[in-house]
Every structure is written in C-alpha cells, then in structure tokens.
Amino acid sequence: SDSITVGELAKRMGVKANELIAELMRQGSMVTINHPLDYESAAILASEFNYEVENVAFDEETILEVEAKKEAEDNAEDLKTRPPVVTIMGHVDHGKTSLLDAIREANVTEGEAGGITQHIGAYDVELDGRKITFLDTPGHEAFTAMRARGAGVTDIVILVVAADDGVMPQTKEAINHSKAAGVPLIVAVNKIDKPEANPERVKQELTEFELVPEEWGGDTIFVEVSAKQQTNLDTLLEMILLQAEVLELQANPNKRAKGSIVEARLDKGRGPVATVLVQDGTLKQGDAIVAGLHFGRVRSMTTATGKQVKEAGPSFPVEVTGLGGVPDAGETFHAVESEKAAKDVSQHRQQKQREIDLAKSSKVSLDQLFAKM
Ligand code: GTP
Ligand code: MG
C-alpha cells in the first residue's frame with residue numbers, strides 16, 4: 001500500500017525526525033528514519049502532534065512520489081506485453097473514422113454530425129487474439145489540442161492521407177505532433193479506389209517531411225488502403241502489430257492503475273462519464289480514483305462496444321462512471337489506496353487551482369488599475 005517514510009512525514013510536519021522516532025518508540029515500535037508508515041499510522045502519529053491530517057500526510061506529491069517509486073520497483077516478471085495504443089491522425093475528411101470503422105466493422109462515421117469528428121474516440125480491437133487500442137482524432141483545424149493529446153498518449157501514429165487530396169495543413173500538423181511526441185508513424189494512403197487517386201504524389205509530397213518509403217530507400221512504412229472498399233486493411237494491421245513488436249511494449253498489470261483522461265462529459269442520467277486510457281496497472285470496479293481536480297470510486301466500466309467490465313488492464317480504454325465531477329481531457333488519473341486519499345489529493349489540487357485562479361484575477365485587477373492610471 002501507499003506509504004510515507006518517517007523522515008518525509010517529519011519534513012512535511014516541520015518537526016525533527018527524531019521526535020517522531022521517539023514518539024513511535026514510546027508506542028512500542030523501533031523504527032528508522034526510512035521506515036514507511038501507511039496512511040492510517042501517519043495520520044495517527046501526526047494527530048499526536050496536533051496536526052490536522054489533511055495538513056500533513058498524503059498530499060498529491062506524496063502519492064505521486066509513492067507511485068513513482070513503485071514503478072521503479074516493477075520486477076521483470078511482473079512486466080507483461082501490453083497492446084499498442086494507435087492514434088489515427090490526418091487532415092479533415094481524409095477518412096480516419098471510415099478507416100477505423102472498416103477495421104472495427106462498425107459504423108461511427110454515419111452517426112457524426114456533419115460527418116466531422118469532434119472528439120477522440122477510443123476503441124479496443126482484437127484480431128486473432130492480438131489486441132490493438134485505437135484512438136480516433138478529429139482532423140478539423142479547430143481541434144489541435146485533441147490531436148496533440150492523442151499523440152501524447154500513443155505508441156504509434158497512423159497518418160491518414162487521402163490519395164486524391166495529398167498533404168494538407170492538418171497532415172503537416174499531425175506529423176509535427178508525432179515528431180514532438182517521438183512516436184513512430186505509419187502512413188496510410190487512403191481512398192485509392194478513387195479514379196483521381198494519386199498515391200505516388202502523396203509519397204513525393206511526404207519526402208519533404210523526411211517520410212520516405214522503403215522502396216525509395218527510406219524507412220517509413222506506407223500502406224495504400226481504401227476504407228470504402230476495405231482494401232489492404234490486413235496489411236495495415238500487420239504493420240501495426242509488427243511495429244508494436246519492435247517497440248516491446250510492456251506494463252505491470254498487477255498494481256493500481258494510472259492513465260489518461262481521453263475525454264469526459266456530464267451525462268444527464270449517469271453523472272460525470274470519463275473515457276480513460278489505462279496506461280499502467282489494472283483499474284477495477286470500486287477503485288478510489290483521482291482524476292484531475294476530481295475524485296470518486298469507479299462505479300461502472302464500459303468498453304467501446306458497450307460491454308460492462310469489472311477490470312481494465314494496461315492499454316485498455318473504458319468509460320468510467322463514479323467521479324464527483326468532470327475532469328479535463330488530457331489530465332491524468334490515478335487509482336489510490338482509499339477514497340480518503342483520493343479526496344485529499346483532489347482537495348489539494350482544488351486548493352492549488354483556487355490559488356492560481358486568485359493570482360490570475362488579482363493580476364487582472366492590478367492590470368485594470370494600471371490601465372486607469
Ligand atoms: P474528420 O474526423 O472530420 O477529420 O474526418 P475523417 O478523416 O474521419 O473522414 P471520414 O471517415 O469522416 O470520411 C470523410 C469522407 O470520405 C466520407 O464521405 C467517407 O465516406 C469518405 N471516404 C473515407 N474513406 C474513403 C475511401 O477509402 N474511399 C472513398 N471513395 N471515400 C472514402
Ligand atoms: Mg473522423
């Protein structure tokens with residue numbers, strides 16, 4: 001379980017570690033400065049010194065430190081291969097959602113308002129027992145932040161370029177995002193069924209961005225596909241799985257989960273609903289979680305196909321209910337040892353947020369003051 005050392009607790013309380021050690025000795029335990037205390041013991045000890053618990057023990061940094069330490073402690077045998085997280089990016093209307101629909105044999109595109117994706121969709125797909133997680137991003141220029149977020153949580157980017165349209169502004173933007181995130185990129189030249197399709201021109205245009213196909217002496221994988229006619233989708237999937245193998249993606253499913261909020265909204269019936277991507281550990285129904293400024297307990301978890309699950313392991317995307325508020329997309333979430341700890345972290349963050357807001361508003365009023373002078 002999460003813990004804080006005697007030394008760290010002393011530092012946070014502003015007392016000498018020796019005083020805590022002496023108190024613990026009086027209570028019958030002989031400990032050193034590096035002895036870990038669990039939440040309850042730390043809280044009790046702190047209260048002996050008339051500290052309010054929330055002033056002392058488990059602030060956000062402590063928990064995150066503890067998590068970070070645990071991560072370093074992952075034993076090799078705990079690390080298991082995890083599915084790749086693949087983000088589909090590209091210019092508006094180049095066929096990202098259609099491609100994913102064709103892979104999933106689903107039909108999201110038709111349900112979209114104006115045929116434009118306005119959010120990140122997260123889907124788990126299984127092919128011959130091998131899993132891939134896909135994130136679908138919007139291509140419309142207004143959604144830069146979502147694309148950046150998509151690139152930030154992914155292992156592989158699929159850059160979709162329509163063969164009848166070529167490299168366009170959001171194609172370039174997607175290339176930049178994946179380069180900034182240091183993520184390998186596979187090019188899917190789409191719509192090759194169209195009479196005006198010119199895949200060779202797409203390849204030519206992309207050489208400008210150092211994306212050179214293997215047949216031209218480069219090392220970028222290009223796959224020519226048609227989402228509409230389902231051409232070459234198996235080749236694309238093979239390339240993804242091959243790339244994933246090279247990356248040797250691993251995680252430890254045997255610990256508390258952490259990951260990213262892909263998106264979140266307020267549902268009239270279910271309250272706050274967050275689509276989360278588990279990046280490490282396993283998220284379980286009933287887990288206490290902190291997500292951005294909010295906390296709660298996982299009430300339900302639903303997959304992209306609407307199936308209820310009780311657990312979600314590494315790389316798995318699920319829709320979670322049970323949070324007390326709607327976190328911002330892109331924020332991290334952590335499962336923590338208790339709802340109390342989750343609440344403490346969330347209150348700590350809200351306090352910090354209030355300080356930031358206050359600093360902003362006082363700056364504004366000062367600016368206004370100077371403006372008047
Ligand atoms: P945004 O999410 O808004 O950026 O668009 P998108 O990239 O997801 O494109 P979407 O899948 O919505 O497809 C845009 C249009 O292209 C739709 O009318 C699709 O039917 C069409 N389309 C997609 N793939 C193909 C293809 O392989 N061939 C042909 N002929 N049309 C396609
Ligand atoms: Mg789309």
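Me: How many nonpolar, polar and charged residues are in the lining of the largest cavity?
Reply: Five nonpolar, three polar and one charged. Ala, Val, Leu, Ile, Met, Phe, Trp, Tyr, Cys and Pro count as nonpolar, Asp, Glu, Lys and Arg as charged, and the others, Gly among them, as polar. This is a predicted model, where local features need pLDDT of at least 70, side-chain atom pairs count only at pLDDT 80 or more, and totals for chains, interfaces and linings use all residues. Residues are numbered from 1 along each chain as its sequence is written, chains are lettered from A and ligands numbered from 1 in the order in which they are written, and side-chain values use heavy atoms, with hydrogens and water left out.

Me: Which residues line the largest cavity?
Reply: Ile120, Leu135, Arg149, Gly150, Val153, Ser260, Ile261, Val262 and Gly330. Two or more of the lining residues come from each of α7 (144–152) and β11 (258–267). β11 gives the most, three residues. Helices (H or I, at least four residues) and strands (E, at least two) are DSSP runs, numbered from the N terminus.

Me: What volume does the largest cavity have, and how many cavities are there of 30 Å³ or more?
Reply: The volume is about 50 Å³, and the search of the whole structure finds three cavities of 30 Å³ or more. Grid points are joined across faces, edges and corners, and a volume is the space filled by probe spheres set on the points.

Me: What counts as a cavity or a pocket here?
Reply: On a 1 Å grid over the protein atoms alone, a cavity is a set of points where a 1.4 Å probe fits but cannot get out. A pocket is an open set with protein on both sides within 12 Å along at least five of seven lines, and lining residues have an atom within 4 Å of a point.

Me: Switching to pockets, what is the volume of the largest pocket?
Reply: About 500 Å³. Of its 28 lining residues, the closest to the centre are Asp93, Gly95, Ser98, Thr109 and Lys191. Helix α6 (residues 96–104) supplies the largest share of that lining, five residues. By class the lining divides into six nonpolar, 14 polar and eight charged.

Me: Where is ligand 1?
Reply: Ligand 1 takes up the space of the largest pocket; a molecule sits in a pocket if more than half of its atoms lie within 2 Å of its grid points.

Me: Which residues are closest to ligand 1?
Reply: Lys96, Ser98, Thr117, Gly139 and Asp193, out of 21 that surround it (a heavy atom within 4 Å). That shell has three nonpolar, twelve polar and six charged residues.

Me: What about polar contacts, meaning pairs of N or O atoms within 3.5 Å?
Reply: A side-chain N or O atom of aspartate 193 is 2.7 Å from a nitrogen atom of ligand 1. Asparagine 190 has a side-chain N or O atom 3.1 Å from a ligand 1 oxygen atom. Histidine 94 uses a backbone N or O atom, 3.3 Å from an oxygen atom of ligand 1.

Me: How much of ligand 1 does the protein bury?
Reply: 83% of the 660 Å² that ligand 1 exposes when taken alone, by the Shrake-Rupley method with a 1.4 Å probe.

Key. A polar contact is a pair of N or O atoms within 3.5 Å; within protein, one must be able to donate a hydrogen and the other to accept it, and residues adjacent in sequence count only if both atoms are side-chain atoms.
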